[in-house]
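Here's a quick briefing to read alongside the model. Have the viewer open and follow along by residue number.

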Amino acid sequence: MDIADIHKNVKLLVDGIPYNVDDLEFTKPGKGRAIYRLKLRNLIDGNINDRTFHSGEKVDEAQTTYQQEQYLYRENDHYIFMNTETFEQLFVTEAQIGSKKDFLKEGILVDMLMFGDRPIDITLPNFIEFKVLESEISIKSQTISPQLKAATIETGAVIGVPSFIKEGDLIKVDTRSGTYIERINKK
Amino acid sequence: MMDDECQRLLPLSSNLKQRALIYKLIRSFFEKRDFLEVETPVRVPSIAPEPYIVPFDSDGWYLSTSPELHMKRVLAAGYRRLFQLSRCFRKGEQGHLHNPEFTMLEWYCAGVDYRQIIHHTEELVVLLASAFGFNTTIRYGAQDIDISLPWPRITVRDVYMRFAGWDPIATPDPLRFDIDMVEKIMPNFSKDRPTILLDYPAFAAALARLKPDEPGIVERSEIFIGGLELANIYSELVDADEQKKRFQEAIEQIQCERGKQIAMPEKFLRAVPFITECGGAALGVDRLVMLLCNADSIDKVIPFTADTA
């Protein structure tokens, strides 16, 4: 595709490596060619590269697909997923999971972004329910804002919850912002 | 009204008021100097073929990429001083300094060359700054910029020798020229003064005239302030044969690189022999407003960009 058609978050294939376009700066001095400065994130190792392109250049879009995977468990620095149709297992590195590990709960289904047969990124469900493992009774020093206190959920992540939440409660969390939504009342 | 649009538009109010004032001041600046304000068509049957300016099609015609050809046709009839605030359209130009639809201030003055037009530009910016309460220093971003006259001038050859280590006049290389401009030249401009670049290589001439006795150089200037490319200035080319030759080359390049047919602007070429020696400028009004309002992106000085229209 033409470099002029690239926008943020398009996935490109450069020298055989898939990149996400994290940022794009358009400059066009005088009557010359447009210069596109791209911040590219290597989807395999997470490294950031800056690359400059000019108008008229062609780039290849990385051919990626999504497939549904179930998260099974963590082993050392790998996260192990299972394809829900073929039952094949996939290993994803900690670097690829990044901060999403905070809400990666055993058993949940995720959309796995694949480059060929290589997993490169996961998309969590927008809302996931978690059990609260630890949340001490509201004492001033532990409140993180006037309305919220800290609570540890079953993945080990700490989020802000209202003061009425107790250990053992089930809560719904928005995984995009990492914020508490509501308490789930068990029947 | 939708809340989010309200939240976006209301904070722009002071910039939009300043913008309206800038229009008023620009008009009075040129009227005082005996320039006639004209309006030429926004939808046009032909445009100047330029390799890196892409037009929007409009039912077999184009949306104007620049008012230059039509203003020069008016000059050819014998008018000597013209200015225009016009909307221009350029496909694909979008970023924090670009919107595909933007406002250009364009003026032409008979009997002068690019040096006199540079003076006009300096005077205009200084006048606007003083109307906004700045004396000789404006603040853009976190930077104070001394705009006292005259602004520093440097030739394209000198600036490339100094910051890129090569001479684009002696060894013309258009691709390297454009990339180095962005990566090596512009980042090295002094932050606290405007920069006036003079005397471009002939391959970057477009509609500017060749410098007498200096082969390979055209009388073209670009003015930069605070990292913004503000104005493009020419001693205008009034040689119809030379103009036709350059257009032909551009048409072939566009055909070859973009696979697009652009028609030769014949009516304009017929007018060229009647254009008197003159100088002219194209100044980006949105960027001028950004500079005077200390706005870091174009969406802060117009109510709607291509993304929000």
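B:Pro150 sits in the loop that runs between strand S8 (143-146) and strand S9 (153-155) of chain B. The peptide bond joining B:Leu149 to B:Pro150 is cis, with omega at about -5 degrees. Keep in mind that this is a predicted model.

- As background, most residues other than glycine have a negative phi, and most peptide bonds are trans.
- B:Asp34 has a positive phi, near 70 degrees, without being a glycine.
- You'll find B:Asp34 in the loop between helix H2 (13-32) and strand S1 (36-37) of chain B, and B:Asp34 is exposed, at 63% relative accessibility.
- B:Asp199 also has a positive phi, near 65 degrees.
- B:Asp199 belongs to strand S10 (residues 195-201) of chain B. Is B:Asp199 buried or exposed? At a relative accessible area of 9%, B:Asp199 falls under the 20% cut-off, so it counts as buried.

**Where chain A meets chain B**

- The contact involves 13 residues of chain A and 21 residues of chain B.
- About 1700 Å² is buried between the two chains, and 59% of that is on carbon and sulfur atoms.
- On the chain A side, A:Phe26, A:Lys31 and A:Arg33 lose the most area to chain B, together making up 44% of what that side buries.
- There are three salt bridges between chain A and chain B. One of them pairs the side chains of A:Lys31 and B:Glu50, with N to O at 3.0 Å.

- A:Lys28 is in the loop between S2 and S3 of chain A.
- With a relative accessible area of 6%, A:Lys28 is under 20%, so it counts as buried.
- The side chain of A:Lys28 has a polar atom 3.0 Å from the backbone oxygen of A:Gly32, and on the chain B side it reaches the backbone oxygen of B:Tyr52 at 3.1 Å.
- Beyond its neighbours within four places in sequence, A:Lys28 is in contact with residues including A:Arg33, B:Ile53, B:Glu93, B:His98 and B:Glu229.
- B:His98 lies in the loop between strand S5 (81-89) and strand S6 (101-110) of chain B, and B:His98 is buried, at 8% relative accessible area.
- The side chains of B:His98 and B:Arg287 are joined by a polar contact of 3.1 Å.
- Leaving out residues up to four places away in sequence, B:His98 touches A:Phe26 and A:Lys28 from chain A, and B:Glu93, B:Arg287 and B:Ile298 from chain B.

**Salt bridges within the chains**

- Side chains of opposite charge can pair when their charged atoms come close.
- Over all chains, the count comes to 35 salt bridges.
- B:Glu236 and B:Lys72 form a salt bridge, with their closest N and O atoms 2.5 Å apart.
- That pair links distant parts of the chain, 164 residues apart: B:Glu236 is in the loop between strand S12 (228-235) and helix H7 (240-258) of chain B, and B:Lys72 is in helix H3 (residues 68-76) of chain B.
- B:Glu236 is buried, at 1% relative accessibility, and B:Lys72 is buried too, at 0%.
- B:Arg220 pairs with B:Glu222 in a salt bridge, the closest N and O atoms being 2.6 Å apart. B:Arg220 is buried at 3% relative accessibility, and B:Glu222 is buried at 1%.
- In chain A, A:Lys166 and A:Asp169 meet in a salt bridge at 4.0 Å, N to O. A:Lys166 is partly exposed at 49%, whereas A:Asp169 is buried at 12%.
- A:Lys166, A:Asp169 and A:Arg183 are linked in a salt-bridge network.

How values were computed
Residues are numbered from 1 along each chain as its sequence is written. Chains are lettered from A and ligands numbered from 1 in the order in which they are written. This is a predicted model: local features need pLDDT of at least 70, side-chain atom pairs count only at pLDDT 80 or more; totals for chains, interfaces and linings use all residues. Side-chain values use heavy atoms; hydrogens and water are left out. Contact means heavy atoms within 4.5 Å. Buried area is the accessible area (1.4 Å probe) that two parts lose on being put together, summed over both. Helices (H or I, at least four residues) and strands (E, at least two) are DSSP runs, numbered from the N terminus. Buried means under 20% relative accessible area, exposed over 50%, partly exposed in between (1.4 Å probe, protein chains only). A polar contact is a pair of N or O atoms within 3.5 Å; within protein, one must be able to donate a hydrogen and the other to accept it, and residues adjacent in sequence count only if both atoms are side-chain atoms.
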